[in-house]
Amino acid sequence: MTSSDSAPPASDASGKAADKTSGQTPAKAPAKDPWDLPDVSGLVVGVLGGTGPQGRGLAYRLARAGQQVIVGSRAADRARAAAGELGHGVEGADNAECARRSDIVIVAVPWEGHGDILASLREELTGKLVVDCVNPLGFDKKGAYALKPAEGSAAEQAAALLPDARVTAAFHHLSAVLLQDPGVEEIDTDVMVLGEVRADVELVQALACRIPGMRGIFAGRLRNAHQVESLVANLISVNRRYKAHAGVRLTDV
């Protein structure tokens with residue numbers, strides 16, 4: 001046997017042997033660009049509560065951007081009427097059908113019915129990417145104030161009620177007036193997105209970025225959703241004082 005027959009290879013397919021002999025640390029893969037987001041243009045988006053102001057506005061903006069959208073309501077005929085008014089190919093269905101047919105389901109229902117509606121749709125929402133944008137608020141003569149659900153936030157309540165869904169939180173700080181105004185071309189705001197699975201969060205970020213003027217930005221896990229939901233009470237005060245439709249823009253990102 002020659003020396004070349006008995007000598008170990010300089011490196012195997014992974015380069016590990018070469019690293020051992022050279023003492024060099026393998027180069028790390030470059031960090032993923034946080035703005036490298038997936039293509040969501042082919043996904044169907046359902047909006048539960050799509051006949052209310054926030055739901056209608058989100059449905060309109062996403063459909064106008066080319067997304068296939070279904071609005072849901074407890075009454076199918078009401079949902080179909082709203083869809084006809086929104087145009088841009090929006091469809092209407094009852095909440096159960098809306099959830100079944102959609103890849104991503106935005107929850108834009110009133111806080112008072114949030115728990116009951118989601119509990120009733122647990123089967124239809126199994127395996128779905130759910131985006132909760134509900135803000136638990138109370139109102140009195142001093143104005144709006146934040147409520148804190150037993151679970152910690154509306155999004156955490158959704159996660160507790162939908163253990164087999166992939167729950168995220170986003171779209172809390174958008175003006176329903178601006179969303180529904182066809183004369184507004186761009187909405188200059190950021191959307192804070194929260195969730196437990198980075199890939200799910202990135203899908204929601206990408207969905208937000210479909211709307212001109214918006215950016216979807218990762219803002220933490222669901223345990224941080226309460227303060228994001230609560231900020232809407234402050235924005236309501238801002239809007240009343242300044243007769244505005246204020247949103248949120250994050251700097252240096």
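## Basis of the description

Contact here means heavy atoms within 4.5 Å. The model is predicted.

## Helix α4

Helix α4 spans residues 76-86, and its buried residues are Ala 76, Ala 79, Ala 82, Ala 83 and Leu 86. They cover an arc of only 125 degrees around the axis, and therefore lie on the same side of α4. Among the elements that cover these buried residues are α3 (53-64), β2 (68-73) and β3 (91-94).

The face of α4 turned away from the buried side carries Asp 77, Arg 78, Arg 80, Gly 84 and Glu 85, which are exposed. Just after α4, Gly 87 adopts a positive phi of about 70 degrees.

## Helix α7

In helix α7 (residues 154-161), the buried positions are Ala 154, Ala 155, Gln 157, Ala 158 and Leu 161. Viewed down the axis of α7, these buried residues fall within an arc of 160 degrees, so they line one face of the helix. The buried residues of α7 pack against α6 (114-120), β5 (129-132), β8 and α10 (225-242).

## His 173

The loop between β8 (166-169) and α8 (176-180) contains His 173. This residue counts as buried because its relative accessibility is 5%, where the cut-off is under 20%.

The His 173 side chain reaches the backbone oxygen of Val 228 at 2.7 Å. Leaving aside residues up to four places away in sequence, His 173 touches Met 192, Val 228, Leu 231, Val 232, Leu 235, Ala 246, Gly 247 and Val 248.

## Aromatic rings

The count of aromatic pairs is zero. Arg 198 lies over the face of Phe 218, at 4.3 Å from the ring centre.

Notes
Residues numbered from 1 in each chain as written. Predicted model: local features only at pLDDT ≥ 70, side-chain atom pairs only at ≥ 80, totals over all residues. Heavy atoms only, no water. Helix = DSSP H or I, 4+ residues; strand = E, 2+ residues; numbered from the N terminus. Buried < 20%, exposed > 50% of the residue type's maximum accessible area, 1.4 Å probe, protein only. Polar contact = N/O pair within 3.5 Å; in protein donor to acceptor, adjacent residues only side chain to side chain. Phe/Tyr/Trp six-rings, centres within 6.5 Å; stacked < 30°, edge-to-face > 60°. Lys NZ or Arg CZ within 6 Å of the ring centre and 35° of its normal. Arc of directions from axis to C-beta.
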